[in-house]
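Please open the structure in your viewer and keep the sequence beside it. The tour goes from one selection to the next, with a short account of what is found at each stop.

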Amino acid sequence: MTEKHRRGKTDGTIRGPEILGSLFRISRCSFHRGIWPWIQNGLCPGHWRFYWNPVPGGVLRIGESEVALEKDFFYLLPPFLHFSTAARQPFDQFFVHFHLYAKRPQISKLFRIPADPAGIAQIRKIIELGQAWETLQMRTLLVHALLSNALLHLPGELFRLERCPDPRIERICKFLEEPSGKNRTNNELAEELHMSRNSFIRLFHQETGDTPQRYRRRKCIEKACGLLRSADLSIDDIAEASGFSDRSHFTRIFTQIIGLSPGSYRKRFPF
């Protein structure tokens, strides 16, 4: 094969691993009716969030600003955006939590996009399909199409990759989200990568904008919130499942981050 032919087969193509690495990783997708109240304080998730509220009432607080979530718009929140939530009245919400290959966009702001009829129709189809295993593939395709269209409304430079994310930190982030990684110290995490503690912490912050332990703690609380809303487990069981040593420690950290005790959160946020 000539050099010309070799170039013709590779120029402008994307290799398989690159395609896999750039796809969405959806961590949660759901629709809830009659949400009230909606109290989450001091959030700074390491993933994207998509919101559509067909019945308004939800409010985002970002810095000194309040943003009422209107039914005529889709809302996209990039990773590491600091915000809190509240509600003025019971409301309905469709939401997706997802990751992209690029974990840290260079811009940190809320994006509001007109809710187009095609996107709303996709959401209604996702809701209609329910949670059955048989519909999982179709629901996944619909969510990918919905998110792709919404993200394409954002500035193109937001998704330009300046450098490839460090695979070592990618591996540690996934590890910290698993039960086996919940109680690892920074020294132990650094040893996993054969790095010094200080070099590891510096690299982790460079890649994620957070320290390893704050990242781990946030993931634990995110998991606990999901269990409190959806699982029929005791607070002690949820504390253990979320990676905390005991209920007292779990309650203290949860209250510090969310602004409510786990029991109060479950009563006031029952979905």
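Which residue just after α7 takes a positive phi? Select Gly209, which follows directly after α7 and has a positive phi of about 75°. Before going further, note that this is a predicted model, in which local features need pLDDT of at least 70 and side-chain atom pairs count only at pLDDT 80 or more, while totals for chains, interfaces and linings use all residues. Residues are numbered from 1 along each chain as its sequence is written, and side-chain values use heavy atoms, with hydrogens and water left out.

**Helix α7**

Now select residues 197-208, which make up helix α7; helices here are DSSP runs (H or I, at least four residues), as strands are (E, at least two), and both are numbered from the N terminus. Its 12 residues should span 16 Å at 1.5 Å a residue, and the end C-alpha atoms are 16 Å apart, which agrees; the expected span is 1.5 Å times one less than the number of residues.

Next colour Phe200, Ile201, Leu203, Phe204, Glu207 and Thr208, the buried residues of α7, where buried means under 20% relative accessible area, exposed over 50%, and partly exposed in between (1.4 Å probe, protein chains only). Looking down the axis of α7, you will find these buried residues within an arc of 165°, so they line one face of the helix; the arc is that of the directions from the helix axis to the C-beta atoms. They pack against α5 (167-176), α6 (186-192) and α8 (212-230), contact being heavy atoms within 4.5 Å. Turn to the other side of α7, and Asn198 and Arg202 are exposed there.

**Salt bridges**

The structure holds 12 salt bridges, each a side-chain nitrogen of Lys or Arg within 4 Å of a carboxyl oxygen of Asp or Glu. Select Asp210, which counts as buried at 5% relative accessibility. Its side chain meets that of Arg214 in a salt bridge (2.8 Å, N to O), and that of Arg218 in a salt bridge of 2.3 Å, N to O. Arg214 counts as partly exposed at 42% relative accessibility, whereas Arg218 is buried, with a relative accessible area of 11%.

Last, select Arg33 and Asp92, whose closest N and O atoms are 3.7 Å apart in a salt bridge. Arg33 lies in strand β1 (residues 25-35) and Asp92 in strand β8 (residues 91-99), so the pair ties together parts that are 59 residues apart in sequence. Arg33 counts as exposed at 61% relative accessibility, while Asp92 counts as buried at 11%.
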